[in-house]
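Keep the sequence and the 3D view open while reading this report.

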Number of protein chains: 2
Amino acid sequence: LSSTVTKTVVVEGVLDANDALAQANREKFDRAGNFVINMMSSPGAGKTTLLERTLERLGDRIRIGVMEGDVQTTLDADRLERFNIPIAQVNTDPGFGGECHLDANMVRYGLPGLPLDDIDVLIIENVGNLVCPAEFKVGEDSRVMVFSVTEGEDKPLKYPLMFRSVELVLINKSDLLPHLEVDLDALNRNLDAVNPGVERILLSARTGEGVDEWCSWLESHARSGAVPLVK
Amino acid sequence: LSSTVTKTVVVEGVLDANDALAQANREKFDRAGNFVINMMSSPGAGKTTLLERTLERLGDRIRIGVMEGDVQTTLDADRLERFNIPIAQVNTDPGFGGECHLDANMVRYGLPGLPLDDIDVLIIENVGNLVCPAEFKVGEDSRVMVFSVTEGEDKPLKYPLMFRSVELVLINKSDLLPHLEVDLDALNRNLDAVNPGVERILLSARTGEGVDEWCSWLESHARSGAVPLVK
């Protein structure tokens, strides 16, 4: 039991240190006038495909930069290369012990690779994971999650910290709804149970349904400037 | 930087302690003659639905017990209640700090709720996560992962530790293949790249395709007795 107690204390210390580094990141973002989104999801929920659709639509109007967080590989960054935007890759393995999330220190390491003064919106694509990414602030203005309808309507109840920590839920892969037994009404009830009234957009990064609405959200938030994350 | 170093050392200490507790669990399983599977996946890949199909087919022939690992809720255990089998629920929040995986100590806490002497096969349904569950042995004989085709063919490369740690990959939701652009050949190549020749079964817990093959695997492994996990 004593090892459990020790571990808990250390984890709290780690979170304190993380908050301090997140604040330092935040000050850099504020000085550069960046609107920063921490984008989170399960593995394969469609974050990168949605970024592709977003860059196709907004690439000419907003200067978007991306930080890609992955345990290994640069596969996601490679997919975005054709847009010729600033991209920084942060791999949590091996440099950071194969961590299952980005923390403020990892983001700090990735920042020198980005020309912050030439970026309006920085999207940080976190490691695919519904648990730990929600525990670590990285200096973001806003948290957005991509949720695939294939994951089932019960997930807000099973991973409440994640769903509670975000201000927008992008309910992705709507094109698959006719082929699934997922209950959208129950999903909405479960979202409201853990994060009452949280904004949500039903979309399909594949067919484009709802993507304009997401881009409008992004554009209006970017223009209203950096608003501190209260949650 | 010093906080990172401290953390690494502590994490290694935690893994040492975990291995010792996993060994203790393992001795209990061996004494009771249990074949123990650590079942892992992303959130919503279909572990619980597959367990339902498995219990429908094998419930009369093998005495199956289940340990459900979740951050919160007993939703999965509730779905299995109708089978009238031994089920133990382990919630990692709040008792274990909301951990994103089961470790050997959590499994140890759940064991008194299970009549091990009356169980042939114990299936431990881990927390939905493609990273950390792979780092923690819990005393299992075998590791099986459920992978949903909706997650995309690149995932073995992005989460290699998980795919490398298992001896069977159940490629689930095959019924959705006609509605996806996923490349099965590439998925197979990526599986072989990180875990050459790993056994794999294409199945659909929804339609039943491939489920008999999985049940045969399970039954033959259960009968051949507890074989220590080498990996």
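## A pair of strands in chain A

In this predicted model, A:Glu68 stands opposite A:Glu125 in S4(A). The two strands concerned are S2 (residues 64-70) and S4 (residues 121-125) of chain A, which pair in the parallel sense over five bridges. Two strands count as paired if DSSP finds at least two bridges between them. Strands (E, at least two residues) and helices (H or I, at least four) are DSSP runs numbered from the N terminus.

## The sheet of chain A

Chain A has an open sheet of seven strands in parallel pairing, with the order S3-S2-S4-S1-S5-S6-S7. Strand S3 (87-91) and strand S7 (199-202) of chain A each have a single partner strand and stand at the edges, so one side of each lacks a neighbour in the sheet. From one strand to the next, the twist averages 20 degrees.

Helix H8 (residues 211-223) of chain A lies across S1 (35-41), S4, S5 (142-148), S6 (168-172) and S7 of chain A, and runs at about 145 degrees to S1(A). Contact means heavy atoms within 4.5 Å. Axes are lines fitted to C-alpha atoms, for helices over the stretch in contact, and angles between N-to-C directions run from 0 to 180 degrees.

## The sheet of chain B

In chain B, an open sheet of seven strands has the order S3-S2-S4-S1-S5-S6-S7, with parallel pairing. Strand S2 (residues 64-70) of chain B pairs with S3(B) in the parallel sense over five bridges. B:Val90 in S3(B) is the bridge partner of B:Gly69.

Helix H7 (residues 184-194) of chain B lies across S5 (142-148), S6 (168-172) and S7 of chain B, at about 160 degrees to S7(B).

## Confidence

The average pLDDT of chain A (the predictor's confidence in each residue, from 0 to 100) is 92, and 92% of the residues score at least 70. Residues 226-231 of chain A have a pLDDT below 50; beyond near neighbours in sequence, this stretch has 19 contacts in the model. For the complex, the predictor gives an ipTM of 0.88 and a pTM of 0.90.

## Conventions

Residues are numbered from 1 along each chain as its sequence is written, and chains are lettered from A in the order in which they are written. Local features need pLDDT of at least 70, side-chain atom pairs count only at pLDDT 80 or more, totals for chains, interfaces and linings use all residues, and side-chain values use heavy atoms, without hydrogens and water.
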